[in-house]
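I opened this entry to look up strand pairing and salt bridges. My notes follow the order in which I checked things.

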Amino acid sequence: MDCVSPTVACAGGVTPSPKPSPTPTQRTIPAITLTDLVSFRPAPPRLASEPDGIGVAGLPLNLVATTSMQRLTGTLFDFPVTVRFAPHHYDWHYGDGATQTTAGGGATWAATGDPQFTPTPTSHTYTQRGTYTASVTVFYAPDVNFGDGIWRPVAGYVTATSTTQSIRILEARTALVAHTCVEDPAGPGC
């Protein structure tokens, strides 16, 4: 007698045991793509400029994007899921045709201890006076967790763009004079 059936005794009186069925915790989680995350969107960054919305042609204007790692919960493939969005890089659009990509969102001059008009990794120097529209797009690297403690990276980036900020660039002119405008109110440039 061959030993092929779990219900028939085999030679020697040993009955093979049936294969165990998978437990509910041994579920199969499909591979996740960016398309699967369409209902999970990180909040856009907040964009600020120093000086506040105004600058001087030829001097650096500091732009700062405020954002952080974000976690959103929901359901994906009928499983509860947490999606984590970590800022990866920032694309700056200054409104004068110039763009730049940085690894961070920048910091205020006060936070770095630098004096006003000091160049920063996220600053921009406008060459002409006028009004420009600046914005920043943050590229977030997503990870998903199905409640099992394992963060699974998802290939690609999810983006969020700030609202635009109007930047007014003024022109400053200097003149060599013998006296200040207080000392000689009728002097050149006063």
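I started at glutamate 50, which stands opposite asparagine 62 in β3. The model is predicted, so I read each position as a computed one. I then looked up the strands around this pair. β1 and β3 (residues 60-66) run antiparallel, joined by five bridges. They belong to an open sheet of three strands, in the order β1-β3-β7, with antiparallel pairing.

Next I stepped back to the overall fold. I counted one helix and eleven strands in the protein. Along the sequence I read β-β-β-β-β-β-α-β-β-β-β-β. Of the contacts with a separation of 6 or more, 64% join residues 24 or more positions apart.

Then I turned to charges. How many salt bridges does a search of the whole structure find? I have two.

One joins aspartate 143 and arginine 84, at 3.2 Å from N to O. This pair links distant parts of the chain, 59 residues apart: aspartate 143 lies in strand β8 (residues 130-145), arginine 84 in strand β5 (residues 79-93). Buried or exposed, I asked of aspartate 143? It counts as buried because its relative accessibility is 16%, under the 20% cut-off. Arginine 84 also counts as buried, at 17%.

Aspartate 148 forms a salt bridge with arginine 152, with the closest N and O atoms 2.6 Å apart. Here I logged aspartate 148 as partly exposed, at 37% relative accessible area. Arginine 152 is partly exposed too, at 22%.

Last, I checked burial overall: 33% of the 190 residues count as buried.

Technical notes. Residues numbered from 1 in each chain as written. Predicted model: local features only at pLDDT ≥ 70, side-chain atom pairs only at ≥ 80, totals over all residues. Heavy atoms only, no water. Helix = DSSP H or I, 4+ residues; strand = E, 2+ residues; numbered from the N terminus. Buried < 20%, exposed > 50% of the residue type's maximum accessible area, 1.4 Å probe, protein only. Contact = heavy atoms within 4.5 Å. Pairing = 2+ DSSP bridges. Salt bridge = Lys/Arg side-chain N within 4 Å of Asp/Glu carboxyl O.
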